[in-house]
Amino acid sequence: MNPLDFTIAQFHILLLIFFRVGGIIFSAPVFGSKNLPIQLKVGLALIISLILSSSVKVFTPDITRGIFPLVIALTGEMLIGVIIGFAVQVIFAAIQLAGQLVGFQMGFAIVNVLDPQTSNQISIV
């Protein structure tokens, strides 16, 4: 049996998982940087989606009423993925702020290094 031989329902599940994982990858701090090519991000999202599609149970919208329910479900999955990525980005920013405060208290307020991901100067701590 060909592992890429999908039914329509399995393809919808793969598409829903791909949109959520893609939203996470494109907005997460490490993978969402400008330094990684878009092809790598899409390929990684596709590989993760293929791996997860066999083990995740997802509610698929009934497309016999039209494509509108599928578009709404895909938009919702993308928004959930972006929200998850944004939450991780907020956690990373909080850790970075804590490092800046600790560095300021230690006397390293003037010592900064260049962050290659954001091209900004950040505290050495």
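A: One term first: contact means heavy atoms within 4.5 Å. By that rule V42 touches F18 and F26, not counting residues up to four places away in sequence. Keep in mind that this is a predicted model.

Q: Okay. Where does V42 lie?
A: V42 lies in helix 2, which covers residues 38-53.

Q: Is V42 buried or exposed, or something in between?
A: In between. V42 has 34% relative accessibility, so it counts as partly exposed.

Q: How far apart are the C-alpha atoms of V42 and V21?
A: They are separated by 9.5 Å. Along the chain, the two residues are 21 apart.

Q: Let's zoom out. How many helices and strands are there?
A: There are 3 helices and 2 strands. Along the sequence the pattern runs α-α-α-β-β.

Q: What share of the residues is buried?
A: Buried residues are 24% of the 125 in the protein.

Q: And the contacts with a separation of 6 or more: what share comes from residues 24 or more positions apart?
A: That share is 60%.

Q: Now the core. Which residues make up the largest nonpolar core?
A: It has 5 residues: I13, I17, V21, I25 and A45. Helix 1, residues 8-27, gives the most to this core, with 4 residues.

Q: Tell me about A45. Where does it lie, and is it buried or exposed?
A: A45 lies in helix 2. Its relative accessibility is 1%, so A45 counts as buried; the cut-off for buried is under 20%.

Q: What is A45 in contact with, leaving aside its neighbours in sequence?
A: F18, V21, G22 and I25, once neighbours within four places are set aside.

Q: What does I17 touch, beyond residues up to four places away?
A: I17 touches S49, L52, S53, V56 and V58.

Q: Switching to helix packing. At what angle do helix 1 and helix 2 pack?
A: About 135 degrees, with the axes 8 Å apart. Helix 1 and helix 2 are therefore oblique to each other. Their crossing is right-handed.

Q: Which residues meet there?
A: From helix 1, the list includes I13, I17, V21 and I25. From helix 2, it includes V42, A45, S49 and L52.

Q: And how do helix 1 and helix 3 pack?
A: The angle is about 30 degrees, and the axes are 7 Å apart. Helix 3 spans residues 68-106. Helix 1 and helix 3 are therefore roughly parallel to each other; angles under 35 degrees count that way. Helix 1 passes helix 3 in a right-handed crossing.

Q: Which residues meet at that one?
A: Among them are L15, L16, F19 and I24 in helix 1. Helix 3 brings residues including L74, M78, I84 and F86.

Q: Last topic, aromatics. How many aromatic pairs does the structure hold?
A: The structure holds 1 aromatic pair. The partners are F18 and F19, with ring centres 6.2 Å apart and planes at 75 degrees, so the pair is edge-to-face.

Q: Why does that angle make it edge-to-face?
A: Because planes over 60 degrees apart count as edge-to-face.

Conventions
Residues numbered from 1 in each chain as written. Predicted model: local features only at pLDDT ≥ 70, side-chain atom pairs only at ≥ 80, totals over all residues. Heavy atoms only, no water. Core = buried A, V, L, I, M, F, W, Y, C linked by side-chain atoms within 4.5 Å. Buried < 20%, exposed > 50% of the residue type's maximum accessible area, 1.4 Å probe, protein only. Phe/Tyr/Trp six-rings, centres within 6.5 Å; stacked < 30°, edge-to-face > 60°. Axes fitted to C-alpha atoms, helices over the stretch in contact; angles between N-to-C directions. Parallel < 35°, antiparallel > 145°, perpendicular 65-115°, else oblique. Left-handed = near helix turned anticlockwise from the far one by under 90°.
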